[in-house]
Amino acid sequence: MKKFKFLEHTADIKFQAFGKNIEEAFENSALAMFTSMFEGKVNKKKSFKINVKGKDFENLLYNFLEELLFLFDSEKFFLANIKNIKIDKENFKLDAEVFGDDTENYEIHLDVKAITYNEMFVKEKKDNWVTQVVLDV
Amino acid sequence: MKKLKKIAEHTYELPKEGKMKVPGRIFISDKMVIEEDALKQVANVAHLQGILDYSIGLADMHVGYGFPIGGVAAFNLKKGVISPGGVGYDINCSVRLLKTSLTKKDILKKQKEVMEALYRKVPSGLGRGSKFQITKEELKKVLKGGAKYMVEKGYGVKEDYLHTEEEGCMEKADAEKVSERAIKRGIGQLGTLGAGNHFLEVQYVDEIFDEKIAKVFGLKKDQVTIMIHCGSRGLGHQVASDYIKKMEEKYGFKNLPDRELINAPITSQLGKEYFSAMSAAANFAFANKQLITHWIREEIKYLFPNAKIDVLYDVCHNIAKFEENIINGKKEIICIHRKGATRSFGPGRKEIPKDYRKVGQPVLIPGSMGTSSYLLVGTKKAEELTFGSTVHGAGRVQSRSSALKKFQGEKVKAELTSKGIEVKSGSLKSLAEESPQVYKDIEEVIKVVCDIGINKKIARLKPLVVIKG
């Protein structure tokens with residue numbers, strides 16, 4: 001199964017991410033966001049534990065991606081992978097451990113300004129989960 | 001586009017439908033292709049409380065977040081709303097034009113050196129941040145004082161901020177309304193360009209269209225100018241995100257045609273807080289360009305010791321402001337939202353620097369990478385037709401992903417070099433993404449605004465050196 005795919009959008013970045021469960025779909029959404037900034041191998045030299053809350057799945061995804069964007073700007077953190085991601089589907093809570101490297105070691109070509117609700121969805125399909133996100137760049 | 005009704009040259013009405021409070025007004029030429037979704041956004045904006053006259057789409061319009069880019073809307077102060085979507089994520093994304101005592105010939109002798117020096121000195125800041133490190137307390141002073149504060153600190157001269165929209169400082173700015181997160185995102189980014197369409201360009205005056213006004217602005221043929229295009233970086237982006245969330249929590253989006261049009265009444269506590277935080281972010285952008293101006297001066301003076309560099313003008317492209325206009329024949333203070341749009345005041349307005357006041361406000365329109373930029377002047381007609389507003393650039397027509405499929409950074413660079421333009425970028429990919437072909441033709445955009453009389457053409461500027469994030 002494909003982790004994510006980028007879709008056409010005139011000015012911004014639009015992608016869909018997939019997973020066999022919601023955790024994997026969220027993880028792949030995060031990887032898609034970072035891939036839009038730099039595509040290639042990223043080392044795992046530092047890590048952060050994150051926990052975010054939301055009011056629904058879309059809001060939780062928004063807050064999750066925004067937390068990573070915050071780490072990108074404030075801690076110069078570039079994501080490589082995510083471990084132990086857990087989503088409490090009833091209370092819309094997410095815990096995860098994110099691994100990555102210093103942004104300075106990569107040739108970043110795009111500035112993601114913000115996550116948007118534009119056309120955003122988190123859907124459970126027959127046998128997988130799909131998310132869609134538009135990033136303001 | 002069958003819904004559009006032509007009412008004058010380059011002027012179309014998008015008739016009032018359903019719950020629209022006013023019609024839409026679109027200023028485009030027959031040659032331009034408009035996205036249906038952008039038109040829908042113009043119509044959506046017309047649904048907002050307290051909107052005055054009409055919701056405007058300018059010649060460079062394309063789809064944005066809630067409001068279209070190239071969109072203008074004015075609101076009544078008592079009944080109207082303020083919306084972060086009407087300003088955009090990059091608060092006060094803006095353009096500053098410097099005029100120098102150098103000529104094209106001077107630059108051509110040292111073209112590569114100029115490129116290398118500016119590239120080294122002015123970072124994109126992408127993933128690297130700025131070499132200019134400040135404390136939180138200092139950053140708060142920057143948020144309060146904008147370009148003015150930077151000049152007081154020694155990074156420029158008084159004339160710099162006097163030749164800046166709002167004199168480089170939005171008065172209502174309140175750093176306390178800016179979240180800790182926004183401060184953490186922005187603190188390491190003062191003095192950085194960012195990426196996307198942001199750039200730094202060394203240009204020369206290729207043609208003068210109005211000698212008299214060009215003289216007032218201090219420009220002549222072959223003179224070298226430097227254009228800086230950047231915004232409020234992560235700080236501004238976070239302010240927008242924060243207040244979108246706050247407004248959604250407080251007011252919801254049930255009565256809105258689009259979740260992204262979230263807003264707050266201008267008179268409400270939250271509306272006022274957003275304006276104060278947005279003003280602080282705007283000041284960050286003013287200060288950002290002031291610091292970059294200072295660095296450019298250092299580098300250019302190192303290469304050309306006798307060079308003189310002055311700020312010609314500095315305009316906001318993404319902003320909400322309170323301005324006087326004539327509504328139903330009477331003077332009224334309105335809340336204007338300009339998103340990917342430029343103020344375009346005619347002669348006599350007190351907001352225009354004294355030395356330019358008789359001729360009107362300079363309007364700076366950057367072209368896409370490697371193409372011409374324009375210096376225009378605002379008009380009284382703009383105050384009548386578009387609440388004193390005009391376009392902000394060429395306007396994107398192609399996605400980044402399709403640009404990446406069609407163009408290669410290497411080739412884009414080679415093409416520019418063959419035209420005599422030296423270009424340097426942090427990444428070749430970003431050159432492909434910003435390839436000139438993904439934008440509308442700037443010439444056509446300029447033709448529309450001059451034909452309808454909201455601007456007058458003063459000078460065309462052509463690039464010699466391009467630095468991209």
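Chain B holds an open sheet of 7 strands in the order E1-E2-E3-E4-E5-E13-E12, with mixed pairing. The model is predicted: local features need pLDDT of at least 70, side-chain atom pairs count only at pLDDT 80 or more, and totals for chains, interfaces and linings use all residues. Residues are numbered from 1 along each chain as its sequence is written, and chains are lettered from A and ligands numbered from 1 in the order in which they are written.

**Sheet**
- Strands (E, at least two residues) and helices (H or I, at least four) are DSSP runs numbered from the N terminus; two strands pair if DSSP finds at least two bridges between them.
- Strand E1 (5-8) and strand E12 (318-327) of chain B are the edge strands, each pairing on one side only.
- From one strand to the next, the twist averages 30 degrees.
- E1(B) pairs with strand E2 (residues 11-14) of chain B in the antiparallel sense over 3 bridges.
- Opposite Lys6(B) stands Tyr12(B) in E2(B).

**Helix on the sheet**
- Helix H1 (residues 36-45) of chain B lies across E2, strand E3 (24-27), strand E4 (55-62) and strand E5 (69-76) of chain B.
- H1 runs at about 155 degrees to E4(B); axes are lines fitted to C-alpha atoms, for helices over the stretch in contact, and angles run from 0 to 180 degrees between N-to-C directions.

**Contact between chains A and B**
- The contact (C-beta atoms, placed from the backbone, within 7 Å) takes 27 residues from chain A and 35 residues from chain B.
- On the side of chain B that touches chain A, at least two residues each come from helix H6 (180-186), helix H8 (233-251), helix H11 (400-406) and helix H13 (428-433) of chain B.
- H8(B) gives the most to this side, with 4 residues.

Terms used. Two residues are in contact if their C-beta atoms, placed from the backbone, lie within 7 Å.
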